[in-house]
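Dear colleague,

Please find below the structure for your files. My notes on what was found in it follow directly after.

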Amino acid sequence: MSIVCASVPSFAVAAACQENPHLSDDAILVVNTHERGRIVACDRQALSLGVRPGMTLLQASSRARDAVVVVDDPARNHALWQHLLTALDAASPIVEDAAPGIAFIGMRGIPGTPQMWLARIHQILQPSGIPFQLACAPNKITAQLMACVQQNCVVEPGHEASLLAPLPLSVLDMPVRLYEQLLALGVYTLGELATLPFAPFVRRFGNEAALLHEYARGIDQRLLAPRPHARQITRCIFGEGSAVSQDQLLVAIRTLLIDFVADLTNAGLRCGRLRCTLECEDAETHELVLQLAQPTAQSEIFFDLLKVRLESVTLQAAVIGIRLSAEALEEGGGEIALFRGNELDLDALATTVARLSAFLGDRAVTQVQYRAAHRSDEAFLDLPVVTRPHANTYATATTVHDHAQLMFRIVSARALQVECRNGLPSRIEQQRVCHLAGPWRYEQRWWSTHLPGDTPYRSDDQFDVLLEDGALWRITHQDQAWMLCGIYD
Amino acid sequence: MSSFDRIQAFDQLRARLPPTVITAAVPGLRSTGLPQLDTALRGGLLPGSLTTIEGQLGSGVSGLLARLLATVTHHDGKAAALIEQPQARQGRFDPASLAAAGIALERLFFVHADNELGLARACDMLIRSGIFAAVALPTVEMRAQVWTRLALLAHKHGCLLFATGQHASSELRFCATVRLHCTRMQVQWSGMPHVFSCLQGAHTEITVKKNKVAAPGARIQLRYLHKARPA
């Protein structure tokens, strides 16, 4: 009986209502975008009218005609949630951020009774205007579920299973397939699930189901994961003269870094992102943000990166102030190079990327990351190299073969002069077509009701052609125009 | 004696040599991952060398480069960098094809440069960093000093430097340790033409035009396979 759950049923709606208090009288729909948006969250009134998250705005509006539509603001929601978590620090040093709108507060060792704890937390959260629901229980799952059932509920140890028994299965987060199977077997409530024999149930539905069975019996062995506390390490120099040359500026930065790194070391922290602000005599301010490959507390690395980054900055006046702020702080030590094996030297990589970015621009160095998508141009994303190289789950060829792979090279689309015979290309750019494969019809996003942004709907025919000079092209025919897509090399 | 006659004379001489002389590998070379190419190069490529891969667009230059980078990133487990000019005529590599070639994408870094100066500076920085086992850039027109400098840097850091393109300038040809030339021989299709046809692959002849560490002149035929690419 030492965990309190503070839960908000729909945090996005609550955050919108907190910003606009007059909204609370009507049904509220929170959408991701105004145009062709989808429902992100809705209040109880909208739910009762049949609106569900994931619906299009059109579908939702047809069910709740008088509902107020609000565009979601994730940044505002995040800031508000962090503010509330910080407020909860006054109740206990152990506060877990489970999800936006769900927090667990560890109360073991805090003086008072559960009722006093709940009253104290209620007092802390009341000024925010967010309608929190609180419950105190011996474990997390019981506290979370009972918070949804009854406000200020206190569950005594040993009574978890009996209190959870009447709740429907849908309160547990489980795969849809498993949920449907259990319903088909006549299991509708947590109580009915708890009565099933554990071993046969796990054999039938797998290890994932074992956890659900434990939850149904009111058993939850998950430990609280306290959120890291925001700490700030900043050092600055102001009013101690001005730096008019690069050498003077670098000396000042190096001096400042000694104190800055001492602060980091004393706190046992490593910095993942360094923010350097330069204030000039002409009131101009330049801000440099250095993303470190791996968090560190070594002044040489900070200095090297700052020096490289300063190569791309042109200052019009003398520097009169420097501020260094550590962000993305982490605890613990770094990995020793001895044990890295064949891994990349991330510090050297960060320095190289910073140097290249300073010379060629911020998006000059990229890395490809794979994500599951239907189209290859959507599956492979060009992402800037940031904290560490992007992990790829794309299955590359793993066996060494004695052959190579034809490379497809994407070229800037250009119009082609094409002569056709029977509707098929016979000459391209004055060259005879020796072989032709296709057409293959491609319809962009035929499965989707709308395209992102203002992208027009596209449907085209594609061909692979071999020309008499040996060139192997992929061309496309769209709206009576022939375009070059790419080259096989 | 014309260059063609000279090549033929060398070929005839090579044919008369005992096989043990031909296949003797030069120590210290790094395998390319392609057994035929290793044989043609007498063991592989020298770490810290500058290699040019020349050939018309479509002759298999990119495919060969990707195969070599796959050996570096996947087999050797090291990092590689690919310097590209996205606006150039040859375009940019398709990531799906690179992945199909066996390149470990998490170890491959793309650098986009717009002009020759950017290419040279980027190449310089990448080699100097010492973390890339291979760096590839297009064969652009640059002064002899630039290529000399890049070749020396590559040699100092043990980095394989590849220059790929249709034509290598005389300065680049001079600095190169190995010069490979690709010529497309045949394209393979499956099925009847038109809608039932599909690109299967190609054959390319690779000629070792220059090799500072072993005898040049060897020719091999390399098979290129095509993995169907979604639109």
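Cys5(A) stands opposite Phe104(A) of strand β6(A) in this predicted model. Strand β1 (residues 3-7) of chain A is joined to β6(A) by 5 bridges, and the two run antiparallel. Helices (H or I, at least four residues) and strands (E, at least two) are DSSP runs numbered from the N terminus, and two strands pair if DSSP finds at least two bridges between them. On its other pairing, β6 (residues 102-106) is linked to β5 (residues 94-99) of chain A by 5 bridges, again antiparallel, with Asp97(A) opposite Ala103(A). The β5(A)-β6(A) pair forms a hairpin with 2 residues between the strands, and Gly101(A) in the turn has a positive phi of about 100 degrees. These strands belong to an open sheet of 5 strands in chain A, in the order β5-β6-β1-β7-β8, with mixed pairing. Its edge strands are β5 and β8 (153-154), each of which pairs on one side only.

Conventions are as follows. Residues are numbered from 1 along each chain as its sequence is written, while chains are lettered from A and ligands numbered from 1 in the order in which they are written. Local features need a pLDDT of at least 70, side-chain atom pairs count only at pLDDT 80 or more, totals for chains, interfaces and linings use all residues, and side-chain values use heavy atoms, with hydrogens and water left out.

Chain A holds 15 helices and 22 strands. Of its 489 residues, 44% count as buried (under 20% relative accessible area, with exposed over 50% and partly exposed in between; 1.4 Å probe, protein chains only). Among contacts in chain A with a separation of 6 or more, 56% come from residues 24 or more positions apart; contact means heavy atoms within 4.5 Å.

In helix α10 (residues 198-205) of chain A, the residues Phe201(A), Val202(A) and Phe205(A) are buried. Viewed down the axis of α10(A), the buried residues fall within an arc of 95 degrees, so they line one face of the helix; the arc is that of the directions from the helix axis to the C-beta atoms. The face turned away from the buried side carries the exposed residues Arg203(A) and Arg204(A). The cover over the buried residues of α10(A) includes α8 (176-184), α9 (190-195) and α11 (207-216) of chain A. Just after α10(A), Gly206(A) takes a positive phi of about 95 degrees.

Turning to chain B, Ser59(B) lies in the loop between β1 and α4 (61-75) and is buried, with a relative accessible area of 4%. Not counting residues up to four places away in sequence, Ser59(B) touches Asp489(A), Cys182(B), Thr183(B), Arg184(B) and Thr204(B).

As to confidence, chain B averages a pLDDT (the predictor's confidence in each residue, from 0 to 100) of 85, and 92% of the residues score at least 70. The predictor gives the complex an ipTM of 0.84 and a pTM of 0.59.

With kind regards
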